[in-house]
Amino acid sequence: MKTAEIARRYLDYFEKRGHTIVPSASLVSDDPALLFTVAGMVPFIPYLSGDVPAPYKRAADNQKCIRTNDIEEVGKTPRHGTFFQMLGNWSFGDYFKKDAIRYAWELLTTPDDDGGLGFDPKDLWVTVYEEDDEAIQLWLEHSSLPEERIQRLGKDTNYWTTGLPGPAGPCSEIFFDRGPEYGVDGGPATDDDRYVEIWNLVFMQYEITNVRSKYEFDIIGDLPAQNIDTGMGLERVAFIKQGVDNMYETDQVRPVLDKAVELSGKRYGENHDDDVRFRVVADHIRSSLMLLSDGVTPANDGRGYILRRLMRRAIRSMRLLGVEGPTFAELFAVSRDAMKESYPVVETDYARLSQYALAEEATFLRTLASGSEILDTSIESAKSTQSTALSGSQAFLLHDTYGFPIDLTLEIAEEAGLTVDRAGFDTLMKEQRDRAKADARSRKRQLADTSVYRDFRALGETVFTGYTDLETESRIL
Ligand code: ATP
Ligand code: MG
Ligand code: MG
Ligand code: MG
């Protein structure tokens, strides 16, 4: 079942049950303190908080999301993309826990032929907040789940609060069991590789006060209007339904991966590190395409910096896969073709989008080339003084001034028979990071937090530390 077809079925199902279908909001969130739309909830915050009356009682959508905090997981877990689509159904003071559970179960387990998503009930597990006996009861009544496949978990995973007085409530999450090849048999509480979270149901139920920490507070009572907020990962359902190993192998992403494989002359599935790199390329190219199509352009700070970072990580990954020349013309075109059915704008606006992508690639390739020249000079002078190592400050200068990644410095130095004073480099990096953190802290203080939904910011928050991300990159790639 194609990704777009899964989304269609989801929206059809909820439309038939009285939900207004709401188009995806932009990846660029309206909230100035939030860089990107990190979850389906973001565009509905004014309705959920009660600040603005919702124009409908029930809604459903397929929201484009970017989560930069998942960047390090990309390619290593099967389930984390920097860009992904979150399907959601919403009740604004209308139906509550029983129907949210009933709908989710019915849609997931209705056979493919009858318009459902065709999951075998035996493969599904759920978690509920440990004190939410009502949710357990409802799952037992409205699904065929045996009690053993309903696990109680604590507030850290199964409770939603904002960390401030206001709305809060328990969650219930639905997981797919990938089978014993993927891990031990203890349910989602024990293993998130074998048990993949596909859908999160949030029951916004209580009003809380006297908040001592995110998970310590007093409940005043029920909210006057109880809301339902759900989020289903479209790519996660797609990779399960398509019988592939991970989200980067689904129909909207795999073509980019295949193109990267072709350009590299290597094979996919032979070497773990290379496979991670192929998946990173596929993910980051798609995220970049989608960010560009929502009007983000490369820059040295803010949203544009995230875009720049994604594109540069893709370039670095291709280089580590052995490709030194430009690849974006081909990779972006393939990503466009894979995404245009769902997002026609990537085709109609392609001339503009690809111009930015190609210019960014050319600049970074030049940076890498000039860094290489400077590095060569350093190597020559080290050799002429009989030194066997490059100093930490030389490596840091290359990194800081020329954006030249440390792993590349290490690689090239090693080829020349030299070592690099890594400890000296790390010390300088740490000093720079500490400075950047101090800057970020003062930036945060400036953005006085007025929204009750500040918790969400953590999902999109990255500290902008210039090129230090490339150091992280060298650890993960
Ligand atoms: P996980 O624990 O697997 O990281 P999560 O609890 O952070 O997921 P939620 O915030 O509950 O995810 O988001 C709702 C749904 O969106 C998840 O159940 C999942 O299906 C999907 N989702 C979340 N993050 C990603 C991502 N980075 N890539 C793809 N899908 C995602
Ligand atoms: Mg997560
Ligand atoms: Mg989770
Ligand atoms: Mg979750």
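View 1. Strand β8 gives the largest share of the shell around ligand 1, 4 residues. Strands here are DSSP runs of E with at least two residues, helices are runs of H or I with at least four, and both are numbered from the N terminus. This is a predicted model, in which local features need pLDDT of at least 70, side-chain atom pairs count only at pLDDT 80 or more, and totals for chains, interfaces and linings use all residues. Residues are numbered from 1 along each chain as its sequence is written, while chains are lettered from A and ligands numbered from 1 in the order in which they are written. At least two shell residues each come from β3 (83–92), β8 (195–213), β9 (216–233) and α6 (234–241). Among the 17 residues around ligand 1 (C-beta atom, placed from the backbone, within 6 Å), D70, F84, N200, G231 and G233 come nearest.

**View 2. Strand β2 and its partners.** In strand β2 (residues 58–66), 8 of the 9 residues are buried, that is, 20 or more other C-beta atoms lie within 10 Å of their own, with C-beta atoms placed from the backbone. Strand β1 (residues 20–22) pairs with β2 in the parallel sense over 3 bridges; pairing requires at least two DSSP bridges between the strands. I21 has A60 in β2 as its bridge partner. Strands β2 and β3 run antiparallel and are joined by 9 bridges, and I66 stands opposite F83 in β3.

**View 3. The setting within the chain.** The chain holds 17 helices and 11 strands. Of its 477 residues, 44% count as buried.

Conventions. A residue is buried if 20 or more other C-beta atoms lie within 10 Å of its own, exposed if 12 or fewer, and partly exposed in between; C-beta atoms are placed from the backbone.
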